[in-house]
Amino acid sequence: MKYPEIVSSLTLEEKIRMVTGDGAWHTYTVDRLGVEGIMMTDGPIGLRKVDEASNKTYISVAFPSGCLTACSFDRELLRQMGDTIGKECQSYDVGMILGPAINIKRSPLCGRNFEYLSEDPYLTGELAASYINGVQSNNVGTSLKHYAANSQEYRRMSYDAKISERALREIYLAGFETAVKKSQPYTLMCSYNKINGTHASENKWLLTDVLRDEWGFEGAVISDWGAVNYRDRALKAGLDLEMPGNNIANKDFILKALADGSLTMAELDTAVDRVIDLSRKCSAGKKEVPFDFEKDHETAARIAEGSMVLLKNDGRILPLKKETKVALLGEFAVRPRIQGGGSAFINTYKVDSILECMQAYGNVEYTKGFEIDDDTVKEDLIEDALRLCASCDTAVVIAGLPDNYESEGYDRKHMHMPSNQLALISALAKAGIPTVIVLQNGAAVEMPWADDVSGILEAYLGGEAAGTAIANILYGKVNPSGKLAESVPFQLEDNPSFLNFPGNGYEVNYAEDIYVGYRYYDKKKMAVRYPFGYGLSYTTFEYSDLKTEAVEDPSNLIKVSLKVKNTGDVFGKEIVQLYVGDVSDKAGRADRPAKELKGFEKVSLEAGEEKTVEFLLDERAFSYYEEKIGGWMIPTAEYSIMVGSSSRDIRLEKTIYLDLGQSIPLHITQNTTFGELLRDERTRQYTIDNLMGKKASGILSFGIEAATAMMDHNPIRGLRNFSNEKPERVDEIIYELKQLSDDE
Ligand code: BGC
């Protein structure tokens, strides 16, 4: 305990108030003991500070959403965004921001995918840690949310996510783990849902055993707003602060549990102590800093343009030339969709018009072509558009998803774009007009039209300065450098969670297990519209000279280096991605994805410039979570080190062999197979010497590999039926094998 004197001076009533919010956005203040309550606000793309008396939301700057910032693959950019938001918190006297939100994109349909970062936990964890470090460098807190497995909105307060421990560890918890270890967020926010039968808010395994005991989390756990089921059980499990605190509605749960002994005063005191610590840490950030809206708006533009993804650029239709006559279509051009709905929604400072930003560059004329608020196909709008195109060189359509298509609170039902937009794009294609599509959407959409257009810029939800960023990229002031942080399938039905999303209303079976996103598409060798990690540039890059070497450093195993060169004629940034895959024969061993992202670096290169890029791979880069031992392990195997420009564009590859002497305990029964015995170092020789010849004499003459294959699936008990061994001898053999394999 850090503050025993304060805790012991509090009355029971005060303690209960300390572990409960003071209204919707504050923690409790105890003036006489110098405990100053803090204010917290949403998050995560800027400040949504609400004045509780008037219910008015302050004006603030809306930065790009997680769906876009993740595509930057740029730790420094995320740190800057966090730092800027941290300073804004100081300007508005806010002690903590409720973000980042990092749930894994299991299905493209999840209503909050726009807030979340990626389908990949490594990318998620690295970027979340950078954002948190940025905010907290100002002594302002963050709340990493929603812990855990909150990958859908349907019945979000009560569904039960049925997930294997391996999938939890490798996919759904891993991003949280990295962020906790690399940035120690002041708080973690537990999710609404249940995980394997227990609400996250009452899940001791999640909130204490894993989070604190294994990962070393030092902060406080707070509830999502209204996520507490039984307050006393939540306290016991490790949930420190309940939010919001209206009327301390759950006070009686605590009093009753203290009275009947199911909750101890020490347990309550631990939570109180953590909330005091939170108040202390967040109050330390208080500073009179003016809110520089203009400067932060500019920062938002830089973040957006460092993240947008160029998906297609046939015949180098982009960048547009100043003299190109552009027909700008789609109502989003004048009413851009810049953010998602729900708790993340910002009352913006100013929103850049895409039309105006493009007109500042060149010859651009606008007509609607389609409306945002009405999906009906209106032929007159399409005809207007075709007429305008007839006098222009190129059409640019600002397309995307209207607000009501995706939001916090509900999931999408499909991945389609509105029919009026599809009709416009198809009419342009029929008329043979060279077309660029700019997409403003919070999550992947089906793009049946992709082959019919020349250019596609995935701009996602780019924040209030998205217009500036889009114009800068379209006209080549900025060379696009983002890559997709999620796979874009051809159709929803291809997605691995399709058969089990969003569940039956009570349970959601995560049947695809660890095969989320590209882990699934790659393993199945399935074609996708655009793969994870994909994105083009106005220049080209060449990879060479891949080297790997073992390192002595106790926390790392392998050093990887390579060269990357800008072979085009303009400055550009390349995101070099490193994937690892266990390529040994999988028989009898844990199944693993074909490749997993284990490193990335964003490299800036002038035209013609070459740089060396280095990666250090630690043990986790090669590990999987083995449920039989309740821990991570690195099987003795061959591993492919793949370096590339996307998950489907591997440029260099090298295979290394790792033997760290790790093995799973072998549990011997009469159904243990010869294959298992032969593959395990501990029992291999014994099996060759004592069993092989007995089972089928002469089989060894085919060589040990063929013999192994033939005998692979035969259990020890087969010796009773197919050899001359006496039945009792089988028990002796099992006993001897148990001795060899330490199977007590
Ligand atoms: C959301 C959180 C948010 C909180 C406070 C909840 O409904 O799930 O992400 O931080 O409300 O607005």
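Is Asn250 buried or exposed in this structure?

1. Asn250 is buried, with a relative accessible area of 15%. Buried means under 20% relative accessible area, exposed means over 50%, and partly exposed lies in between, with a 1.4 Å probe and protein chains only. Asn250 sits in the loop between α9 (231-237) and α10 (251-260). Its side chain makes a polar contact of 2.7 Å with the side chain of Glu242. A polar contact is a pair of N or O atoms within 3.5 Å; within protein, one must be able to donate a hydrogen and the other to accept it, and residues adjacent in sequence count only if both atoms are side-chain atoms.

2. A word on the basis. The model is predicted: local features need pLDDT of at least 70, side-chain atom pairs count only at pLDDT 80 or more, and totals for chains, interfaces and linings use all residues. Residues are numbered from 1 along each chain as its sequence is written, and side-chain values use heavy atoms, with hydrogens and water left out.

3. For Arg112, the distance to an oxygen atom of the ligand is 2.7 Å. For an N or O atom in the side chain of His146, it is 2.7 Å. For a polar side-chain atom of Glu408, it is 3.2 Å. The protein covers 93% of the 310 Å² of accessible area that the ligand has on its own. Accessible areas come from the Shrake-Rupley method with a 1.4 Å probe; for residues, only the protein chains shown count as cover.

4. Arg112 has another partner. Its side chain and that of Glu115 are joined by a polar contact of 2.7 Å. Glu115 lies in the loop between β5 (96-98) and α5 (121-136). Glu115 is buried, at a relative accessible area of 3%. Helices (H or I, at least four residues) and strands (E, at least two) are DSSP runs, numbered from the N terminus.

5. Lys477 is exposed, with a relative accessible area of 60%. Its loop runs between α16 (466-474) and β19 (507-509).

6. Now strand β11 (residues 220-223). Ala220 and Ile222 on one side and Val221 and Ser223 on the other are all buried. Strand β8 (residues 187-190) runs parallel to β11 and is joined to it by 4 bridges. Met189 has Ile222 as its bridge partner in β11. Two strands pair if DSSP finds at least two bridges between them.

7. An open sheet has 3 strands in the order β20-β21-β24, with antiparallel pairing. Its edge strands are β20 (541-550) and β24 (610-617), each pairing on one side only. β20 and β21 (residues 558-566) share 8 bridges. Within β21, Val560 is the bridge partner of Thr548.

8. Last, a hairpin links β27 to β28 through 2 residues. Strands β27 (residues 637-646) and β28 (residues 649-658) run antiparallel, with 9 bridges. Val643 has Leu652 as its bridge partner in β28.
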